[in-house]
Amino acid sequence: ATLAIAKAAQTVAIIYFPIELLRQVCRPKGLAISHFGWPEPLVNQLRRGLRGLLIMTMPLALLVSFLNAGTAVFGYDTLERYLFLGAMAMICIFTARMLHPRRGLPATYLRLVPDGWTSRLAYLWYPLGVALPASLGVLAAVGYYFTGQQLGWRMFQTLCLLMAIALAMSVVLRWILLHRRELRIEQARQRRAAAAATGGEVPALVVQEESPKDLQSQMHQTRRLMHTLAVGALLIGVWMIWDDVRPALDFFEKWPIWHSTTTITETIPSETGVSSTRTRDVSDPITIADVMLALLVLAGTLVATRNVPGLLEFSVLSRLPLDQSARYAITALARYVIILIGIIVAGRTIGLHWNQIQWMATALTFGLAFGLQEMFANFIAGIIIL
């Protein structure tokens with residue numbers, strides 16, 4: 001019993017810590033409002049919802065963890081399952097309140113962007129968000145209690161990862177704003193020192209605040225880079241969290257769509273010691289998983305094309321003694337290289353090898369030579385000019 005209580009307390013502490021941390025961040029005049037600039041009504045609504053969630057679910061989580069860690073006795077598993085269903089019901093109520101399109105957290109954003117995809121697909125993402133904890137309860141009710149526990153634990157870890165990334169982005173953006181303010185203060189001090197050195201009138205130490213429009217324009221690139229890094233960190237974290245469940249998706253490998261032929265050359269040794277080579281064609285099935293991976297590569301290429309050149313200029317090129325035209329040329333060439341690499345990798349993923357598309361390249365060459373020679377020449381000239 002003592003060991004079961006210890007394990008239950010440890011599990012509840014792991015669940016309680018991130019929720020309480022977010023609730024403390026959302027305190028009145030706390031980090032979320034005073035430093036991160038989150039809307040105060042939404043912060044207050046989230047804080048009240050988290051408080052009710054902790055009050056309703058923590059006792060249930062403690063009992064479920066205690067019964068799960070205790071000695072297997074007849075009746076304990078049934079009671080544990082009922083308590084788990086109760087916890088899922090409380091989470092369903094919390095999710096339904098927080099994600100409601102008109103009364104929940106997304107309501108303000110949806111009113112500002114009524115014609116966006118988020119508003120148009122509200123009938124899809126809202127029921128899906130509520131159905132996720134409900135599905136875990138259904139799994140436990142129909143006999144797949146262990147599966148519901150494992151999936152629920154990984155969903156909780158994924159939500160904690162999202163919260164950690166959101167807080168990290170807010171902290172970094174706040175640090176960037178404070179750093180820009182320190183630079184403006186230092187510039188004002190330098191102006192005062194220069195005026196004092198020349199014997200002129202020493203101006204007052206006045207720091208000119210940037211207008212919201214200018215600040216938003218200057219921070220747009222930084223925010224986009226931060227979002228790109230956050231998406232990359234999220235994908236890596238989700239892959240690590242759901243790595244144990246990933247083999248369940250192997251059934252996509254069993255559905256071939258078409259076959260790709262690869263030519264391989266083998267070395268065959270003979271009894272006389274003279275080796276001979278043989279070339280043969282090997283059929284490689286292209287499955288749904290390969291197509292999904294190719295689409296993922298193309299999506300990653302699109303994101304990298306839009307953000308990596310900016311990140312390169314922001315983090316590396318701006319620190320080098322290069323003029324604006326040289327930096328632009330490097331970022332443009334980097335964008336072309338990223339597009340080329342992405343297309344090659346995606347093509348190889350779905351079985352497009354050079355020996356299969358060389359006839360297309362030949363036809364394209366003739367087309368460029370006769371019909372599109374000026375356009376092709378202009379493109380090459382543009383690269384040379386860069």
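Residues are classed here as buried when their relative accessible area is under 20%, as exposed when it is over 50%, and as partly exposed in between (1.4 Å probe, protein chains only). The structure is a predicted model, in which local features need pLDDT of at least 70 and side-chain atom pairs count only at pLDDT 80 or more, whereas totals for chains, interfaces and linings use all residues. Residues are numbered from 1 along each chain as its sequence is written, and side-chain values use heavy atoms, with hydrogens and water left out.

By the buried criterion, Leu110 is buried at 10% relative accessibility. Leu110 belongs to helix α5, residues 107–112, where helices (H or I, at least four residues) and strands (E, at least two) are DSSP runs numbered from the N terminus. With contact taken as heavy atoms within 4.5 Å, and with residues up to four places away in sequence not counted, Leu110 touches Pro101, Thr118, Ser119 and Trp125. Leu110 and Arg120 are 10 residues apart along the chain, and their C-alpha atoms are separated by 9.4 Å.

A nonpolar core is defined as a set of buried Ala, Val, Leu, Ile, Met, Phe, Trp, Tyr and Cys residues joined through side-chain atoms within 4.5 Å. The largest such core has 21 residues, of which Ile15, Ile19, Leu22, Leu46 and Leu50 touch the most other members. Two or more residues each are given to this core by α1 (2–25), α2 (31–35), α3 (40–69), α4 (76–98) and α8 (145–197), and the largest share, 7 residues, comes from α3. Leu46 touches Leu22, Cys26, Met98 and Leu105, when residues up to four places away in sequence are not counted.

Helix α1 has 24 residues and reaches 34 Å from its first C-alpha to its last, close to the 34 Å expected at 1.5 Å a residue, the expected span being 1.5 Å times one less than the number of residues. Helix α1 bends by about 30° at Tyr16, and Pro18 follows within four residues; the bend is the angle between axes fitted to the seven residues ending at a position and the seven starting there. The buried residues of α1 include Ala4, Ala8, Val12, Ile15, Pro18 and Ile19, together with Glu20 and Arg23, and what covers the buried residues of this helix includes α2, α3 and α8.

The structure holds 1 salt bridge, a term that requires a side-chain nitrogen of Lys or Arg within 4 Å of a carboxyl oxygen of Asp or Glu. Glu20 forms a salt bridge with Arg23, and the closest N and O atoms are 3.1 Å apart. Because Glu20 and Arg23 are 3 residues apart in helix α1, they are separated by about one helical turn. Glu20 is buried, with a relative accessible area of 12%.

Gln149, in helix α8, is likewise buried, with a relative accessible area of 18%. Not counting residues up to four places away in sequence, Gln149 touches Val64, Asn68, Glu80 and Phe84. By contrast, Val316 is partly exposed, with a relative accessible area of 39%, and lies in the loop between α10 (288–315) and α11 (324–349). Val316 and Arg327 are 11 residues apart in sequence and 9.9 Å apart in space, C-alpha to C-alpha.
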